[in-house]
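Please examine the sequence and the model shown here before reading on. The paragraphs below proceed from the whole chain to particular elements and contacts.

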Amino acid sequence: MLAEIKGSLKLLQLGLSEAVWQTRCVICDVPGAALCDKCSRELSYLDQLSACPLCGAPWGRGICCECNQQTLRWKGLARFPLDGCVSAVLLSPETKRIVTVFKDRGERQLSEIIAHHMANVLPPSWQAEAVLVPIPARTNAVRERGFDHISLIGAELSRITGMPLTPLLRAKPRRDQRDLDARQRLANMAGSFDLEPNGPSPYGNALKARLGIMPRIVLIDDVFTTGATLFTAGNTLRAAGAKEIYAVTFILSLIHISEPTRLRCIS
């Protein structure tokens, strides 16, 4: 009964909010939807047919300049830490605005839109008997925003795909890394995740013992920049016994390597 009352009050609150502040497109400001059809069609979608099947970089299907041995050595990596990664769109002023308005202005309707775009690029072969694992937000970020944005995306993605959402990780304090390069970000993220012992799991309470029998894990994040966050999360889970670890993000922000290295790779 209490749950029904809370649900009715929530619907009433949403209705009043919509009456006073009508939903408008986050990009063009046209009223009606958080992202209008026209702006949705014009986003900088990543061509999955030409993207690298491992790291998801555009035009990397044949020879990828983002996850080859030279690039990995520059980052201090022996191998690409994930079994695969896909992203829905490339970084652009429009896609950046979608994430910024969602995270920093609390436009929670965008979580469903972002999740739909991510679901569209999630390979069916990854979904069989898999669990979705959100990258946990820093405690300070959750406190400032009032919500965990990746958990909201994860809940929508779980609803769309039918894959269970399983928070297996918890974040530890770390330095803000927006001004760091790829190697510095990897160093900054080292040891920044722990297993979440109290998180709900369809595999029981003995989380560490059960990780090895999970067929596959799909990590969820909003943006892939250098991969440091996803790599560290994947390494944490793999060290605990996880076998297959993939990742899906909304935006691919392609600043993996320095421009001179990129040019040497292409040439």
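The account that follows begins with how the model is to be read.

This is a predicted model, in which local features need pLDDT of at least 70 and side-chain atom pairs count only at pLDDT 80 or more, whereas totals for chains, interfaces and linings use all residues. Residues are numbered from 1 along each chain as its sequence is written, and side-chain values use heavy atoms, with hydrogens and water left out.

Consider the chain as a whole. Its secondary structure comes to twelve helices and six strands. Here helices (H or I, at least four residues) and strands (E, at least two) are DSSP runs, numbered from the N terminus. Of the 267 residues, 48% count as buried. Buried means under 20% relative accessible area, exposed means over 50%, and partly exposed lies in between, with a 1.4 Å probe and protein chains only. The chain exposes about 13800 Å², of which carbon and sulfur atoms supply 54%; such areas come from the Shrake-Rupley method with a 1.4 Å probe, and for residues only the protein chains shown count as cover. A contact means heavy atoms within 4.5 Å. Among the contacts in the chain with a separation of 6 or more, 73% are made by residues 24 or more positions apart.

Strand 1 runs parallel to strand 6 (residues 245–252), and six bridges join the two; strands pair if DSSP finds at least two bridges between them. Within this pairing, Val86 stands opposite Val248 of strand 6.

Helix 4 covers residues 93–105, and its buried residues are Thr95, Ile98, Val99, Val101, Phe102 and Lys103. What covers these buried residues? The cover includes strand 1 and strand 6, together with strand 5 (216–224), helix 5 (110–121), helix 7 (139–145) and helix 8 (149–161). Just after helix 4, Gly106 adopts a positive phi of about 70°.

A loop residue comes next. Thr23 is located in the loop between helix 1 (2–20) and helix 2 (37–41). Is Thr23 buried or exposed? Its relative accessibility is 9%, so Thr23 counts as buried. Thr23 and Ala34 are eleven residues apart along the chain, and their C-alpha atoms are separated by 6.0 Å. The side chain of Thr23 also makes a polar contact with the side chain of Gln109, at 3.2 Å. A polar contact is a pair of N or O atoms within 3.5 Å; within protein, one must be able to donate a hydrogen and the other to accept it, and residues adjacent in sequence count only if both atoms are side-chain atoms.

Aromatic rings form another set of contacts. The structure holds four aromatic pairs. Rings of Phe, Tyr and Trp (its six-membered ring) pair if their centres lie within 6.5 Å; planes under 30 degrees apart count as stacked, over 60 as edge-to-face and the rest as tilted. The rings of Phe80 and Phe231 have centres 5.2 Å apart and planes at 80°, so this pair is edge-to-face. The pair links distant parts of the chain, since Phe80 is in the loop between helix 3 (69–75) and strand 1, Phe231 is in helix 11 (residues 228–239), and 151 residues separate them. Phe80 is buried at 5% relative accessibility, and Phe231 is buried at 2%. The rings of Phe224 and Phe231 also form an edge-to-face pair, because their centres are 6.1 Å apart and their planes lie at 75°. Phe224 is buried as well, at 1% relative accessibility.

Charged side chains complete the account. A salt bridge is a side-chain nitrogen of Lys or Arg within 4 Å of a carboxyl oxygen of Asp or Glu, and the whole structure contains eight salt bridges. One of them joins Arg238 to Asp83, with the closest N and O atoms 3.4 Å apart. This pair links distant parts of the chain: Arg238 is in helix 11, Asp83 is in the loop between helix 3 and strand 1, and they are 155 residues apart. Arg238 is partly exposed at 23% relative accessible area, and Asp83 is partly exposed at 28%.

Another salt bridge joins Arg159 to Glu156, with the closest N and O atoms 2.8 Å apart. Because Arg159 and Glu156 are three residues apart in helix 8, about one helical turn separates them.
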